[in-house]
Structure formats: C-alpha cells, structure tokens
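Hi everyone, thanks for making the time. Let me put the structure up, and then I'll walk you through it.

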Amino acid sequence: MSSITADTFKTSFLPTWCPGCGDFGIWMSFKDALAKLGIGTDDGVVVYGVGCHGNMYDWMKIYGVAALHGRTLPVAQGLKLANHKLPVIVISGDGDGLGEGGNHFMHAAKRNPDITVFIHDNQVYGLTTGQASPTAKQGFKTKSTPEGVVDEPINPLALALTAGATFVARGFAGDPPGLTALMMAAIEHKGFAVVDILQPCVTFDRVHTYPWYRQRVYKLESEGYTPDNKLKAMEKSMEWGDKIPLGILYKEEKPTSEDREPALAEKPLVEQPLTIENLNDLLNEYI
Amino acid sequence: MVQSVTWKIGGEAGFGIMASGTMLCRAFSRAGYHIFATNEYPSLIRGGHNLVTVRIATEKFEAMNRDVHILVALNKETVDLHKQELSEGALVLYDPKDGEWNANDFSKKVVLVAVPLKDLVQQGRGEPVMRNTVALGATVALLGADFEALASVIRDQFRKKGDEVVSQNIAIAKAGYDHVKQTLGTETSMYLDEVQKKEDQLVINASEAVGVGGVRAGLKFAAIYPMTPINALITYLADHAKQFGIVYKQPEDEIAGINMAIGASLGGVRSMVATSGGGFALMVEGLSWCGMIEVPLVIDLGMRVGPSTGMPTYTEQGELQFVIHAGHGEFPRIVLAPADAVEAYSLTIDAFNLADRYQIPVFVLTDKYLNESQWCVPKSSFSGDVVIDRGKLVKESDLPTDGSFKRYDLSVPDGISPRSVPGMKNGFFYANSYEHDEVGHVTEDVSKRIAMAGKRFKKFEAIARDGRPPTVFGDPEAEITFVSWGSSRGPILEAIKLLQAKGKSARLVHFSWIYPFPANAANKLLSAGTRLIDIEQNAMGQLALLIREHTGIFIREKLLKYDGRPLYPEEIVERVS
C-alpha cells in the first residue's frame, strides 16, 4: 500500500555537510526508518534544532520546523498537544538539545510526551567551527578548550533515564542498518523516546573517528541484555571507554503527557469546535 | 443616606482579606449596586499587611476614590497605617482586644465602632481566621443593607464544603451584623441609598475576563509559567480545561512557554501565553521566531513594577515601549491595551482574530491593577455573539494536489499568505527560523531576502485597515486634554467628573489600540491648541514618547506615577489645579 521510500523525502537541496560527516549516516537511517513506518511527506512533522544536524530539513521533504537553537522540545510538545495523532520527531544535537535546551530536555522527559528525539552527539559545535559541546569528554582539545575540556561531560542517557524518559537508546552513525532499526523502535514507542547517536565530526575532531568508535562499540542485544530494568540501564549508560554499548538501554510503557489531558480524550485539539455551548455556566460563576 | 461608600479592610496576610473583598462585592453587585475592589499586598504568603478596598455605589463609576469611609481593622496596624486616608465622619470598625482607640487618635472626626471580632468568632466556635466573616456581617449592618444579601454569597462560597460549614459561617457573620444593630441602635451615616437591580452583573478580575474572552474566541492551548499578576488566568484555564476542551500546560520556564504556544499554533489551534515583564524578557527570542515564521500568537502581558523583580505585587505601565521593540530583527506586531475588564474580554477576542488574520503576535497589555481588581460587569457585556475569524488558514480540501502550495507565497498583495497545518495532505512547508523562500527552504539570496522581508512588512499596511483611533471622552471643546492608555482611563474619567463639578472642562484622548500607532487620528486629535496632559503609570512617559515619535507632537505636561499604587482621580485633579 505504501509507496513511501527514502526518495520520497528528496528535495532540490543537497546536503552541505562535510564529506564523511556522521550526519549522512543518521540521515540515511532516518529516511529508511520513516519509509518503513509509512510516514511520508504529509504524515508527520520533524522539528530540527540549530547546528549541523539541523540543516537536514532542507533535504528532507516532510513537514518541518527549523526551530530556534535549543528550543526543539517545547515546540514539539506544543505541536503534539495540538494534534496528538501526528507523529512528532525531533532532530537535535548535543549542543542544541543538552546545552541551550538542557532544561527543556529534563522537563520533556518527565512529562513523557509521545515524541521521539534523535540527538546527533559528536562532542563539538561544528557549525560555529569546533568548540566543545556539553558531551565533550574531559581532556578533549577544541577551539574553546585549547588545553582540553575540564568539565565533566553530560551523559545524555543517564540524564534521560533519571528524568523519566520511557525509551532510552544509543545508536552509532557508522552502523546504518542497526541505527534504522533503533530509530524505528524509538518512533513506534508510545512515550518520550531518546536516542543518543554517536557520530564522528570529521573536521573538528581527530580523536573520535569512525575507527575509534568501531573498536569500542558493541551491541547490548548480543549480550542478551533486556532493557527492562532502570538500574541496570543506569549502569550501562555509564559504560564508556574500551567498551561502549549500543542499543536499547531501557523501555517502559507509561501514560503519556497527552493521555493525561482530559481535553484530548476524544479527539485532537485541532479537530475540536471553537465555540462553546454552555455560555451561561461560564458566566454565572461570577454572579 | 449616601450614594457611594469606600470600604477598606486590612490585616495580616492569611486572614482571608482578599476573599472578604470579593464576597462583599458579590453581595452588593447581586443587589444591583456598582462595585469595584482593589487590593494591595506584599509579595508574601503569611504575615505582612494585606489590604482590600471596595467601593460600592448606586450609579456606575470608573475608579476607586482616595478617601475611605469605612475602615475595618483586623489588627491594630491597619488603623495606624490608614487613619490618614479616612474621610470626615468615617466609621472605624476594630476589635477592642487589639487595643482601644479614642477620638483624639484621629485628625478627623470619626465614629469608632468596637466589635469584639475574636470573641464573636469564639462564641460561634469558629477558627480565628473567621474574624473577617464577623466583619463582613458588621459591614452589611453599617451600610444598612439586608443580611440576606451576604448570606446568599456565603452559601455559594462555601457550598462545596458542606452545609455545616455554610451554616457556621452564616451564623458568625450574623453575629457581627446583630452586634452592630444592637450596639449602634440607630442608622449610621453610611447607609446606602436603595437601587433597582437592572440586570445580572459579574464580579470578575481582568485576568479572568481574558480567560472568558479566550474561551469564547476558541482558545485551545495555553502554556503559562506562574507569575504575578497573571496567576488568576492560570487558575481560570486550569479549572476549565476539562469543561471547555482546553490544554493548559505549565512549562518549565517562559522560554518553553512561548515555544510550546507557537508549536500549538503551528499545529492549527488558537494558542496563547501570559506573563509579566520579567517572564516576557525570556520570551523575546521566541517572539522574534514567531514573527519570522508568521504564526498567530496572543500574549497577555500583565505589567507590574520593574525593572527586574521590582515590586512584584504592585502595578505599573512600564512595558509599552518594551513590547513594541522586543525581539531581534524587524517584524510586525499589534499591541492592544484594555482599560477595564470589559475591554480585557473584548480585546482578547479581537487579539485572537487579529493574530489569525495577520499571522503575527498580538499583545494584550494588562497590569496588576486590572488583573487583580474586582470589576463589575453587566453579564450582557460578555454574552453577545462572538465572530471568529481564522484569516487565511486553509482547509485540507482547498490545497492543490500537484504539490504547488506555497506557504510563504510572495504574490499575495497584502503580505498574508494562506497557511496550512502539518498533517494536511499537500500542505507541506517548513516553519523556518532562518530567512526562507516561499516553501520555507533556507535562503541568503539578496532578492529573496528582500522579497520575504517585504512580504512581512506589507502587513503593516494591511493592519492599518483594522487599526483603531483613540477614543475621545468628554467635551470636545474642553480646555484640558488628558492623554492616556490602558488602565489609567478609569481614574481620569472620574477626575473629569470632579473637575466638571468645579466648573473646569476636560476631555480624554485614550488609546486602547497602541501599535501600529494610529498616527493620523492622533495628529488630528492632539494638534488642537488645548492644554495637553499626558497621564501614565511609568517614569518615562512611554506613550508620550510614542506620540512624539509618530506625530512630532511633544506633550510638555505629564502626570507620571510609578510608586506601584493605583492612580486616584483626586491626585489628577490636584495636578490640574
């Protein structure tokens, strides 16, 4: 029935990312995931942040919102509450989503809206030519940290878990099939789904390259890990160094933000009448 | 018998002072009197001095007067703080247990009414906090009104708490009423003339009026971070969310609030935010985005004393220039400023229609005085038919199936292009924070930039069609012309009446539609050779600056008040003479 393919999303714009950028892998997987789920140009809305990742909208023919830097999640929640039947997906970056938008990230997670967030995590601000991002690891030398990063990095997975996200996973831009599967699972999850996606920045990071990641990543599912225990997931979220886990760390079903709104019980807000019937009740309260 | 009485009750926060004011208002509004109540309180929950002033009159009036006719003191401090405000012959109701008073403690002649508030509460087995209920009963007796007027309000107020609570409260109020009747024996000087009730009247604050206006305009989504003085709107929307199919979301901050509201508006529903100056400062970035992507949004900005945290629970008109200039970059907006609760209702409805019609942010500039005062509004003012105009919001069936829809179509003569909503078949577009082309793709091309910026600026001309001239009140030939905006209107209209009684004629040129500034109309009304006096509740004369910017007219005389307290008609009269 569905004639939606990765080509459905083609526009007249070509990517402006650096050759070899991890964004390409994420983009390919994203298009595949949408096509496989039957979400075409008019069937969903994608909210993009500002950063290299955010430029993706120009080559994605699907309703798009290029939000302000850091503000993807509030916009996405507003869209979702206006029409909760519409798939709402957020493409964000580590600087966008965890720096400028860090507060929104925690609060979105605790509300559990049915929104999927893909974080392009490359430890740097590429668009502003290579400053350290909130996930940059200690010692990492960037334009803003010539002596190496001194702060502790933010751990997006641990943060998502403690804040209340109901689907928490890590993907890798260098593993398109695995990432596609992860993205599909995240979009299909009913609730706030966070996928932190490791991606090399080929221009501003000589350390965390594709080979660097490939030597370290492994799939949780290959170890027989089941994503049903928050404490186990916390433990896995802190595994970093010689071994870096990929896959779903945690998943649970809980009422979403929309489920808890009585006004949305019957149909989306956007389909509801604008006029009220019980005007007298409305006014008599004040007599 | 008198036609107007001003009653003031004071005490420690937590004594139920605010509720007493509202109950007294309701009792007399139900009987057909015109009422108005203002409050004054520090930014505290417990302790500190709370104050409510209620004016009750047989005829409609526009503002509080400064002199107090009845002072109800729930503690000694209240008399100390307010005895200077008493008028000649005022009644002072106090509890002797708080300390005795005698006539020479006061500079004017007053009538001392000792009511054992604490004892009467104790005899009725009430909580100490119910002293205000005794005082209400006593007040009704002092005003010569029927006790049943108060009893009916008490019944409605406590109905949810059960019959026992209702009858206890009525009994305690009655004790206060009877005490006055028995001890005074005779009619007081504050007996109110009787009135004929014409129609049902609402007792409502302007935040609630904004809420009612929003509901009637089809408001579906609001994201509001708590802040004085718009909290009553939050309560209103949260309480009615289920009844009227509204989603009220409490965001993590105002930045999230405006972005959520813009998201919901993009999603096709009527959406709003409300805040005060400090919260709006955080929204400014989002406002600019709203301007760029051409999304309708209503912003209720309840002004209070700034800068910074300022005096959070006091009133000011300090944000007029802020809202006109807020936002990085240039884009159109509309600024409306209600003068009372009726306008708060009607301008909120207008704001939603204007926002949709022009696909821009529209401000409703309220303030603490409007939002926390109790206004008396004929029910019919809020029950007329409401026109809902969603402008060029398209239906899915109107969209061309060949993919040729352009959300930011440059060929539209008025700059307002048809708007689709994500999820509509064939309505694809990007809502792009970057400068963009007709579909929403990013562009930095010179001609496309100029064209798209021009499209947005064209709306200024279109908006001019809807723009409203200032309203003129009073004698057009008057020697004095007051100039004002927003909530200053009421006190000025009262001042004009007082001046008239002194044989001085004055008129008011009042702006409810602030921006885009109605320059032509203002020019005509203000250029005549009368004595112009600008009256504003800020220190810079922000409307006067706007008038000068757009007309060249310099208003030399100004009455600028920025102490956080309401503007009184009497001080306007003093300024003139």
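Before anything else, a word on charges: Lys and Arg count as positive, Asp and Glu as negative, and His and the chain ends are left out. With that in hand, chain B carries 61 positive and 69 negative side chains, and the centres of the two sets lie 2 Å apart. In chain A there are 26 positive and 34 negative side chains, with 5 Å between the two centres. Please keep in mind that what you're looking at is a predicted model.

Okay, chain B overall. You'll find 18 helices and 21 strands in it. Its radius of gyration is 26 Å, close to the 25 Å that the globule rule gives for 577 residues, so chain B is as compact as a globular protein of that length. If you box up its C-alpha atoms along the principal axes, you get roughly 85 × 60 × 40 Å. Buried residues make up 62% of the 577 in chain B. And if you take the contacts in chain B with a sequence separation of 6 or more, 73% of them are between residues 24 or more positions apart. The accessible surface of chain B is about 21,000 Å², and carbon and sulfur atoms own 51% of that.

Now chain A, along the same lines. Here we have 9 helices and 10 strands. What does the radius of gyration say? For 287 residues a compact globule would come out near 19 Å, and chain A has 20 Å, which agrees. The box around its C-alpha atoms is roughly 70 × 45 × 40 Å. In chain A, 60% of the 287 residues are buried. Its accessible surface is about 11,200 Å², with 55% belonging to carbon and sulfur atoms.

Let's zoom in on helix 5 of chain A, residues 156-163. How many of its 8 residues are buried? It's 6, so to speak a mostly covered helix. Just after the helix, A:G164 takes a positive phi of about 115°.

Back to chain B for two residues. First up is B:D340, in the loop between strand 12 (334-336) and helix 12. Is B:D340 buried or exposed? Its relative accessible area is 12%, and the cut-off for buried is under 20%, so B:D340 counts as buried. The side chain of B:D340 reaches the backbone nitrogen of B:V342 at 3.2 Å. Leaving out neighbours within four places in sequence, B:D340 is in contact with B:L370, B:W375 and B:R489. There's also B:S373, which is 33 residues away in sequence from B:D340 but 9.5 Å away in space, C-alpha to C-alpha.

The other one is B:T348, which sits in helix 12 itself, residues 341-358. B:T348 has a relative accessibility of 0%, so it counts as buried. And what does B:T348 touch, not counting residues up to four places away in sequence? The answer is B:V210, B:G213, B:G214, B:E343 and B:V364.

That's my tour, so over to you for questions.

Terms used. Residues numbered from 1 in each chain as written. Chains lettered and ligands numbered in written order. Predicted model: local features only at pLDDT ≥ 70, side-chain atom pairs only at ≥ 80, totals over all residues. Heavy atoms only, no water. Helix = DSSP H or I, 4+ residues; strand = E, 2+ residues; numbered from the N terminus. Rg over C-alpha atoms; globule rule 2.2 N^0.38 Å. Buried < 20%, exposed > 50% of the residue type's maximum accessible area, 1.4 Å probe, protein only. Areas by Shrake-Rupley, 256 points an atom, 1.4 Å probe, with all protein chains shown as cover. Charge placed at Lys NZ, Arg CZ, Asp CG, Glu CD. Contact = heavy atoms within 4.5 Å. Polar contact = N/O pair within 3.5 Å; in protein donor to acceptor, adjacent residues only side chain to side chain.
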